[in-house]
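Please take a look at the chain shown below. A short report on its fold follows.

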Amino acid sequence: MKSSNKSSTFFLRGIEPMQKKKPPNPLSKSRTNWCEDKLQGFKKVLDKKSLSVVLFDIDYTLFDTAFFKESGLSQHKIYEEVMQVLDSLNEIAILGIFSKGEVAFQKTKLEKTGMRKFFEENNIHIFDDKDANLISVLEKYKDSKLFLVDDKLGVLCSAKKYMPQVIAIWVKRGPFAQNQKEIAGFTPDAEIKNLSEVVKIIRS
Ligand SMILES: [Mg+2]
């Protein structure tokens, strides 16, 4: 009997401090404000990220196609600034691909250079004929601020004709850009030589 009293006292003593502690009130004003601040913060990040979409061409834009060809298609290399640029842009925009070529062949370029992680599957658009698929790609992003980055003026021009609010960024490198003739009545929104300029354009 004595020992049972002792054990019940011990038991009560054990839970007593917990009963005395008041749990934090989840509806207290400071707690609610904290939650709201956090939610607003997340929302801002999501809004910012969902506002801008940047679609990159692969060859001569991200990928050093000249080097690849010289290596007999055995060495996959991106331009020097690309990784840093994609890393920075990934914080502020949705990144995608709009490229001409054979799907598996082009995807290998993304995989072997480590770029693949920046692009979600549903934002990778690779076609034999870019012009024929341009409208469907543009329509997919019609509610976003869409940036197209390409070394070929033709596709940028066609995109602007169909959807004037698209921001056309021409990368002037590689043989296509070097030999490009002017397109009457068309001037891209930006001409760049290095992709790090894309970060500045999107931030501005
Ligand atoms: Mg290209």
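How many helices and strands does the chain have? There are nine helices and six strands. Helices (H or I, at least four residues) and strands (E, at least two) are DSSP runs, numbered from the N terminus.

This is a predicted model: local features need pLDDT of at least 70, side-chain atom pairs count only at pLDDT 80 or more, and totals for chains, interfaces and linings use all residues. Residues are numbered from 1 along each chain as its sequence is written.

**Confidence**

pLDDT is the predictor's confidence in each residue, from 0 to 100. The chain averages 87, and 81% of the residues score at least 70. Over residues 1–17 pLDDT stays under 50. For that stretch the model has zero contacts beyond four places in sequence. Two residues are in contact if their C-beta atoms, placed from the backbone, lie within 7 Å. Where pLDDT is low, the predicted coordinates should not be read in detail.

**The sheet**

The six strands form an open sheet with parallel pairing, in the order β3-β2-β1-β4-β5-β6. Its edge strands are β3 (124–127) and β6 (190–192), and each pairs on one side only. Two strands pair if DSSP finds at least two bridges between them. Neighbouring strands are turned by 20° against each other on average, direction ignored. Axes are lines fitted to C-alpha atoms, for helices over the stretch in contact, and angles run from 0 to 180 degrees between N-to-C directions.

| Strand pair | Sense | Bridges |
|---|---|---|
| β1 and β4 | parallel | five bridges |
| β4 and β5 | parallel | four bridges |
| β5 and β6 | parallel | three bridges |

V54 stands opposite F147 in β4. V149 stands opposite I169 in β5. V171 has I192 in β6 as its bridge partner.

Helix α6 (residues 130–140) packs on the sheet and touches β2 (94–100) and β3. The direction of α6 makes about 155° with that of β3. Elsewhere, β4, α7 and β5 make a right-handed β-α-β unit. A crossover is right-handed if, with the strands pointing away from the viewer, the path from the first strand over the helix to the second runs clockwise.

**The core**

Of the 204 residues, 24% count as buried. A residue is buried if 20 or more other C-beta atoms lie within 10 Å of its own, exposed if 12 or fewer, and partly exposed in between; C-beta atoms are placed from the backbone. The largest nonpolar core has 38 residues. Such a core is a set of buried Ala, Val, Leu, Ile, Met, Phe, Trp, Tyr and Cys residues joined through C-beta atoms within 7 Å. V54, L148 and I169 have the most contacts inside this core. β5 gives the most to the core, with five residues. β4 is mostly covered: five of its six residues are buried.

Beyond its neighbours within four places in sequence, V54 touches a set of residues including L89, L95, V149 and I202.

**Two positive phi values**

Y60 lies in the loop between β1 and α3 (65–70). Its phi is positive, about 65°, although Y60 is not a glycine. L73 is found in the loop between α3 and α4, and its phi is near 60°. L73 counts as exposed, because it has 11 C-beta neighbours inside 10 Å.
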